[in-house]
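Please keep the sequence and the structure in view while reading.

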Amino acid sequence: MRLSLASQYLLVLLSVLSLTNPSSTTTTDPSVNTTTTTAQPWTAPAVFYPFGLAAGDTEHVETGGESYYSVGLSTPFKFFGRTYNQIYVNYNGLLTFNVPSTSGPYSPTRGAEDFIAALWNDFDDYFNGVFSYQQYTNGSVLTRATQDINQYFSQVNINAAWVFVVTWRYALQPNPAILFQVVLISGSGQSYFLMNYGDCAVLYGQLEAGYDTINSTSYFVIPDSTNGNYQNLKNTSNVNVPGRWAFNAWAAPAIFYLFGSAAGDTEYSLTSDEGYVPVSFSIPYTFFDNTYNSLYVHFNGLLTFNQPEPASGPNYNPTRGAEDFIAALWNDFDDDYSGVFSYQQYTNGSVLTRATQDINQYFSQVNINAAWVFVVTWRYALQPDPAILFQVVLISGSGQSYFLMNYGDCAVLYGQLEAGYDTINSTSYFVIPDSTNGNYQNLKNTTNVNVPGRWAFNAWAAPAIFYLFGSAAGDTEYSLTSDEGYVPVSFSIPYTFFGHTYNSLYVHFNGLLTFNQPEPASGPNYNPTRGAEDFIAALWSDLDDYYSCFFSYQQYTNGSVLTRATHDINQYFPQMNFTASWVFVVTWKYGPQQNPAILFQVVLISGGNLSFFLMNYGDLAVIYEQTEAGYDTINSIYHFVIPDSTNGNYQNLKNTTNVNVPGRWAFIAGNGSVTTTTTTTVSTTTTAQPWTAPAIFYPFGVAARDAERLISGDEAYESVALSTPYTFFGRTYNSLYVHYNGLITFNQPQPASGPYYYVTRGAEDFIAPLWSDLDDMGWMGKYWYQQYTSGSVLTRATQDINRYFPQMNFNASWVFVATWDFVATSDVNSFIHHSAQAITFQGVLISGGNLSFFLIHYGDCAIIYDQVEAGYDTINSIHHFVIPGSNVGYSIPNLKNTSNVNVPGRWAFMGGSENVVGLQMRLQSFSDLTKKEDIETVLQQIKQELVNRGLSSSVEMKLRKIKKTQP
């Protein structure tokens with residue numbers, strides 16, 4: 001704030017009075033010796049470069065209000081990775097590059113801009129001031145700058161080609177009470193800046209000295225500038241010269257994650273020949289199927305996981321397959337250069353945000369949220385502007401693991417070197433090409449993700465049951481370039497498949513192998529025609545209609561693959577004394593290739609007169625068509641369908657097996673007369689029996705004389721008048737509406753949301769046995785319903801309710817049963833026999849006296865790829881419940897295993913006249929249950945458990961009696 005004019009007059013008057021005050025008047029006394037001294041001209045401290053009019057500077061006087069001047073630079077200046085042709089000199093002690101002072105008075109917005117805060121404060125509100133500046137491209141100033149930088153950064157060799165000096169002076173010129181200066185210096189492809197401090201009077205308001213950059217990738221605050229000790233700045237230094245601070249404006253390439261002391265890293269400098277540092281992880285990291293809690297950071301540019309030193313010893317000498325390692329840049333650097341490495345782990349903050357963005361950008365079909373990041377950076381030679389710079393970033397989250405490798409400049413190296421990674425047994429490995437061909441200095445321009453200097457890898461590995469595949473195995477690879485297709489493959493050795501010997505087969509993009517014809521009799525799409533051909537269906541579906549597709553294959557006649565196949569077959573089929581002489585491995589991958597969403601494999605194996613095949617399964621994403629895994633032969637003399645492949649539970653294939661190895665199925669395909677093994681698959685033909693519902697279901701369908709409705713595909717409902725009124729949570733109804741989409745409503749014929757699934761909470765009374773757009777799935781569907789007022793159904797309902805709600809002495813007088821059944825077929829016979837995926841569920845309403853109940857039953861339920869929910873709601877949602885897992889489509893198959901009454905597939909609820917219910921419990925508690933607050937806590941925990949098991953959320957808990965049973 002400025003002084004008012006009156007205040008200024010007052011100060012002048014006081015000064016005059018002080019000068020004329022008689023009590024302070026000096027009397028001349030000849031007897032007193034007086035000495036007259038001549039005042040010496042003021043000079044700035046020696047650390048300051050020449051400034052002001054005497055130096056030829058351009059000067060600007062502060063005239064009031066914050067302001068700045070734009071200065072065009074005669075030579076571009078590089079400031080932490082960005083090059084500028086102008087600068088803004090602000091009255092408030094600030095230099096900005098990309099914008100004028102965006103915050104006006106002192107108010108740093110971190111990461112918003114590139115700036116140097118010589119001494120950032122609202123000086124102009126309290127002091128008159130002058131700042132002056134000048135650029136130099138020759139002369140003594142450049143000589144001085146060259147000497148200074150080479151002195152402070154002893155390992156560099158700079159010849160200054162350009163210098164810019166800007167100096168601020170405030171209060172009582174020419175002997176400023178506040179004096180500071182910034183000197184920008186560039187030359188030899190390098191940039192530096194000095195900050196010089198003289199006297200500093202009392203300042204008002206916040207202040208700061210240091211620098212910041214866009215996104216704060218590099219920043220620094222001089223300590224005494226913010227802790228109230230700013231008047232001591234003239235005595236502080238980072239180069240042992242009081243009043244001077246010197247900085248290198250170098251920045252790592254933008255691809256690098258923040259590192260070093262500015263990032264708060266743990267740093268190590270090389271003090272002896274070779275060496276490593278063990279680092280414990282805060283979160284385990286999975287590296288190609290092996291999970292580690294620590295790693296070893298080596299001075300020689302190597303990270304190892306399973307052992308502290310590589311098998312080859314400390315020097316570069318990779319022993320393939322001996323260990324898990326990442327070679328950021330493996331070389332004997334320490335024999336030729338001084339070096340530093342630094343590291344840090346992150347579990348929150350902007351680094352995780354950046355890692356999440358990077359991985360989702362490079363692996364577009366994944367969805368990761370980084371939960372942990374580990375950054376390690378190596379720097380060799382010419383600190384703090386390293387001649388050799390590289391970095392590894394480990395990233396994990398959402399059950400996935402990745403790593404980045406970033407490269408900056410690389411000086412001349414001596415000896416062998418390598419960048420890439422390897423794993424135990426080399427099941428996954430990669431060498432960055434330019435790292436071994438002598439072109440390593442070009443690494444900063446190479447990439448596999450279109451970002452120069454960066455390589456990104458998925459640390460995913462196929463399950464251990466898989467035989468080696470893909471480019472790492474030397475496979476022949478194909479990607480889908482048109483709709484459906486196949487590739488013919490000639491065998492190097494004939495293969496016998498259930499009595500027929502073949503010299504070739506056809507590998508199909510849709511997960512099928514055929515032998516006797518290039519396409520299945522049904523055409524390219526999934527539709528098995530039984531007995532028409534010999535085929536192996538690894539996982540037959542129209543996968544290529546929904547996912548990018550790759551498959552790869554290779555034949556082997558010697559080597560470790562035959563050894564593995566021999567071992568596997570003798571393990572699964574003992575007493576055969578089998579030796580593999582030929583193996584054919586074919587692998588399908590769908591979705592992102594680094595981490596396939598769908599992965600499966602077939603391995604054909606032969607030796608002597610025997611033939612076998614294995615089928616291996618990994619993860620399987622959602623499949624939108626019919627599926628099947630198994631095999632068939634001409635006339636179906638031999639055939640087999642893996643059960644979970646057709647019942648909608650295909651995602652569980654990785655957990656199924658016929659040889660006690662999850663995800664693997666093994667079959668004998670030749671010399672079917674062999675009987676020396678008890679595990680040989682025997683195929684028998686049986687007459688299909690009609691499907692029957694689970695035992696928990698009440699009778700339904702034609703046999704139960706139900707009313708039957710065929711679901712036609714259009715959303716609709718059926719109005720049903722009730723023979724006996726039914727009370728649903730306080731409201732009594734004489735009718736209800738049964739909907740095709742798995743819903744029962746009471747107070748209106750359609751839900752408030754319309755005929756489609758869309759829950760509007762509190763809008764109506766409804767029971768949702770399984771509410772979804774089931775009729776839009778294109779499956780054959782029916783529902784049935786019937787009311788009962790006498791007979792065995794009432795007897796059964798009475799027993800069930802008294803079992804689940806004891807002490808009520810309930811007698812059912814009315815039961816309403818509604819059952820829905822959907823099957824993924826258009827064939828009536830298939831519908832009857834449930835020979836395809838199905839969704840079957842039932843609602844049973846029960847009443848008697850003044851009590852009402854309802855049951856919900858679940859049979860087989862395929863995955864639903866739309867919104868879905870099971871439970872109930874009431875007007876204003878006074879009572880409501882959602883069956884856990886019912887609102888997640890892929891969890892629907894598990895409903896048949898869930899219950900709130902310990903009967904898998906059954907949920908039981910009280911639907912009306914909820915009165916006082918006695919509950920006796922035995923529990924252990926470490927709380928003092930004589931205290932009221934502890935009692936309330938326990939009651940709330942019991943209530944939550946009861947609600948989770950289906951009791952209404954409006955239930956009230958009151959304690960009647962408590963008894964202590966143990967001291």
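Which residue in β18 stands opposite E267? The residue is S342. The model discussed here is predicted.

**The open sheet**

- An open sheet is formed by 6 strands, arranged in the order β13-β18-β19-β20-β21-β24 with antiparallel pairing.
- At the edges lie β13 (266-269) and β24 (454-458), each of which pairs on one side only.
- On average, neighbouring strands of this sheet are turned by 15 degrees against each other, direction ignored.
- The antiparallel pairing of β13 with β18 (residues 339-346) extends over 4 bridges.

**The nonpolar cores**

- In soluble globular proteins, nonpolar side chains tend to be buried together.
- The largest nonpolar core contains 51 residues, and L770, I839, L845, F854 and Y858 have the most contacts inside it.
- Strand β43 (residues 814-823) supplies the largest share of this core, 6 residues.
- Leaving aside neighbours within four places in sequence, L845 is in contact with several residues, including Y726, L736, W814 and F853.
- Another core, of 47 residues, lies apart from the largest one; among its residues are F287, W378, I388 and Y440.

**Loop residues with positive phi**

- S398 is not a glycine, yet has a positive phi of about 55 degrees.
- The loop between β20 (388-397) and β21 (400-410) holds S398, which counts as partly exposed because its relative accessibility is 45%.
- R705, also not a glycine, has a positive phi of about 65 degrees.
- R705 is found in the loop between β36 (664-668) and β37 (707-711), and with a relative accessible area of 74% R705 is exposed.

Terms used:
Residues numbered from 1 in each chain as written. Predicted model: local features only at pLDDT ≥ 70, side-chain atom pairs only at ≥ 80, totals over all residues. Heavy atoms only, no water. Pairing = 2+ DSSP bridges. Helix = DSSP H or I, 4+ residues; strand = E, 2+ residues; numbered from the N terminus. Axes fitted to C-alpha atoms, helices over the stretch in contact; angles between N-to-C directions. Core = buried A, V, L, I, M, F, W, Y, C linked by side-chain atoms within 4.5 Å. Buried < 20%, exposed > 50% of the residue type's maximum accessible area, 1.4 Å probe, protein only. Contact = heavy atoms within 4.5 Å.
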